[in-house]
Amino acid sequence: MTQTALAGRQDISNKTISEGGGESLPPYKEALNSQDAGPTRTAHMCVSVLLDYPGEDYDQDLSVIALELENLDDKVAAELAEYLSWAQKTDVGDIEKAYVDTFDKRRKCALHLTYYSTGDTRLRGGALVTFGQAFEAMGWRIEGGELPDYLPAVCELAARTGDELALHLLNVHREGLEVLRAALESLNSPWAAVMRALILTLPPLDERAKDAYQRLIMKGPPAEMVGITDLPFPMMSGVES
């Protein structure tokens with residue numbers, strides 16, 4: 001895996017993806033530092049790290065991200081600073097527990113983007129294939145057995161490549177991102193600030209996306225009970241809505 005960090009340090013780069021896949025699209029320039037990357041790509045890498053499960057170097061990651069705030073747009077930096085102010089005074093074990101309680105036990109806080117658009121239906125299999133093909137097209141693959149729609153991995157892909165296809169994966173699932181943000185805000189979760197930071201890097205919601213977002217809030221993701229046992233991925237079980 002390429003260890004080049006967008007902040008110019010190996011310890012800020014996330015490890016949800018690695019190089020290697022199918023034939024890649026025309027070469028991109030992986031940034032050597034946050035100045036080369038620019039504020040949006042740097043923000044995406046920070047978000048990728050902060051939305052992933054806290055690793056053994058989490059305290060170091062937080063310190064490096066804190067140093068990078070000055071290289072981000074002011075509103076994005078303010079949101080990430082809000083999260084850092086909580087995380088830097090919280091024991092990592094408590095952060096890990098809060099992470100599991102938030103993202104692993106609540107449907108509306110799922111970190112897998114296709115869940116919001118296809119729910120637990122057979123359509124999700126095809127959506128996951130599309131994500132996987134996008135990663136391969138850019139010459140990357142998912143690490144650790146994660147599904148390719150895992151939000152921290154998609155953010156890392158956008159950060160490392162700056163490719164329009166990676167950004168497209170975020171933009172076309174904007175409604176799901178808004179539902180996740182709203183759910184985190186309803187819980188007064190510290191990760192709500194991280195989601196607000198991510199959304200600030202994306203184009204404003206258009207009317208179609210606003211309508212879809214409202215429908216998701218009211219009805220939740222699609223559900224399908226017939227043939228559900230044949231799905232090539234696990235249903236979310238034992239979780240709250």
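The legends below describe close-up views of a predicted model.

**View 1. Helix α2 against helix α3.** Helix α2, spanning residues 39–51, and helix α3, spanning residues 58–68, have axes that come within 11 Å and cross at roughly 155°. The two helices are therefore roughly antiparallel to each other, since angles over 145 degrees are counted in that way, and α2 passes α3 in a left-handed crossing. On the α2 side the contact is formed by T42, C46, V49 and L50, which meet Y58, D61, L62, I65 and E68 of α3. These contact residues comprise 6 nonpolar, 1 polar and 2 charged.

**View 2. Helix α4 against helix α11.** The axes of α4, residues 74–87, and α11 come within 8 Å, with a crossing of roughly 165°, and α4 is therefore roughly antiparallel to α11. This crossing is left-handed. From α4, the residues K75, V76, E79, L80, E82, Y83 and W86 take part in the contact, and from α11 the residues W191, A193, V194, R196, A197 and L200. Sorted by type, the contact of α4 with α11 has 9 nonpolar, no polar and 4 charged residues.

**View 3. The largest nonpolar core.** This core has 55 residues, and those with the most contacts inside it are L80, Y83, F103, L151, L180 and W191. Helix α11, residues 191–200, gives the most to the core, contributing 7 residues.

**View 4. The surroundings of Y83.** When neighbours within four places in sequence are left aside, Y83 is in contact with L50, Y58 and L62, with I95 and P190, and with W191, A193 and V194. Among these partners, L50 belongs to α2, whereas Y58 and L62 belong to α3.

Note on methods. Residues numbered from 1 in each chain as written. Predicted model: local features only at pLDDT ≥ 70, side-chain atom pairs only at ≥ 80, totals over all residues. Heavy atoms only, no water. Axes fitted to C-alpha atoms, helices over the stretch in contact; angles between N-to-C directions. Helix = DSSP H or I, 4+ residues; strand = E, 2+ residues; numbered from the N terminus. Parallel < 35°, antiparallel > 145°, perpendicular 65-115°, else oblique. Left-handed = near helix turned anticlockwise from the far one by under 90°. Contact = heavy atoms within 4.5 Å. Nonpolar A, V, L, I, M, F, W, Y, C, P; charged D, E, K, R; others polar. Core = buried A, V, L, I, M, F, W, Y, C linked by side-chain atoms within 4.5 Å. Buried < 20%, exposed > 50% of the residue type's maximum accessible area, 1.4 Å probe, protein only.
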